[in-house]
Amino acid sequence: MAITTIEAGLTPHSPAPLKFVWLELTGLCNESCDHCYADSGPQGTHGTMTLDTWRSVIDQLATMGTESVSVIGGEPTLHPHIGELITHAHERGLGVEVFSNMTYITDSLWTVLKATGASLATSYYSDQADEHDTITRHRGSHRKTRANVAKAVDLGIPIRGGVVTALPGQRAHEAMADLASLGVVEVGGDRMRAFGRASQGAAPQVKDLCGHCAHEKCAVLPSGDVVPCVLGRFMPVGNVLDQPLAEIWSGPRLAAALAEIERECDTAQSCTPPQFLPTCGPCQPCVPTIGHCDPPGAAIA
């Protein structure tokens, strides 16, 4: 979808530094969560970005002074070159977090995570396996995720967890307590948000974003599209396969997107962003039984 506020003749702006970027390596996932904002699943693909083009993006970010990246998907551990890309980002001086469902981590990837000082993040849904697996639609996912969370803690790899409430009566508080019992110090919560499959077919709206999109951060998708954030994927501002990232970041389409977000989400700037934003920390506790800090209409109850 094109950005509606883009006007002909806009000149490049002087943006704030691009401090953080999501690198969405793939739309492939071994889970099929109903609330997936990226609409990823077993039918997803790695898109048109190659190892070389991803390496180029990382090089450009290092040159731009970007501080850190979050490697996401889909399920990023299913990408054949994830280890190489984490290593390359580390060598270029970028901090790396991998947001994974923690069901598929090879021995070689554990080695890379440990060697590079990368951190991990994961979504966790319940202390009970059947409820967790119902949400992920992947039998055995709770057992695998929980075991790998414990392994990360044992290995001394930093890990944070987020509990997304997707079912009525879900054991969200118990899930948070379970993560804490495993040694996960940073545990936050979030609700379903009306994007991707969670939108139930509704068109995405700018006002449903938290309001922090494009503020010193953006995302690069498997297609090469650059978007204000992983939720704002309906607002492409350029493509790294066609244009250098620095030009996109300082270009008129990004400026128009930022202006539209600021205009539509003016009440959201003081709220805490979703739990999957590593630069901002987790929401505490931000689950339906307590209340939430989202803009009005930002999530499905």
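This is a predicted model: local features need pLDDT of at least 70, side-chain atom pairs count only at pLDDT 80 or more; totals for chains, interfaces and linings use all residues.
**Exercise 1. Classify cysteine 36 and cysteine 218 as buried or exposed.**

Step 1. Buried means under 20% relative accessible area, exposed over 50%, and partly exposed in between, with a 1.4 Å probe and protein chains only.
Step 2. Cysteine 36 has 14% relative accessibility and therefore counts as buried.
Step 3. Cysteine 218 has a relative accessible area of 0%, so cysteine 218 is buried.

**Exercise 2. Describe the largest nonpolar core.**

Step 1. A nonpolar core is a set of buried Ala, Val, Leu, Ile, Met, Phe, Trp, Tyr and Cys residues joined through side-chain atoms within 4.5 Å.
Step 2. The largest one holds 73 residues, and those touching the most other members are Leu23, Leu61, Ile86, Leu113, Leu120, Leu209 and Val220.
Step 3. Helix 1 (residues 51-64) gives the most to this core, five residues; helices here are DSSP runs of H or I with at least four residues, numbered from the N terminus.
Step 4. Another core of five residues lies apart from it, including Cys33, Tyr125, Val164 and Ala166.

**Exercise 3. Find how helix 2 and helix 3 are arranged.**

Step 1. Axes are lines fitted to C-alpha atoms over the stretch in contact, and angles between N-to-C directions run from 0 to 180 degrees.
Step 2. The axes of helix 2 (residues 82-91) and helix 3 (residues 107-116) come within 10 Å and cross at roughly 5°.
Step 3. Helix 2 is therefore roughly parallel to helix 3; angles under 35 degrees count as roughly parallel, over 145 as roughly antiparallel, 65 to 115 as roughly perpendicular and the rest as oblique.
Step 4. The contact (heavy atoms within 4.5 Å) involves Ile82, Gly83, Ile86, Thr87 and His90 of helix 2 and Leu109, Val112, Leu113, Ala115 and Thr116 of helix 3.

**Exercise 4. Repeat this for helix 4 and helix 5.**

Step 1. Helix 4 (residues 129-136) and helix 5 (residues 141-155) pack at about 105°, with axes 8 Å apart.

Methods. Residues are numbered from 1 along each chain as its sequence is written. Side-chain values use heavy atoms; hydrogens and water are left out. Helices (H or I, at least four residues) and strands (E, at least two) are DSSP runs, numbered from the N terminus.
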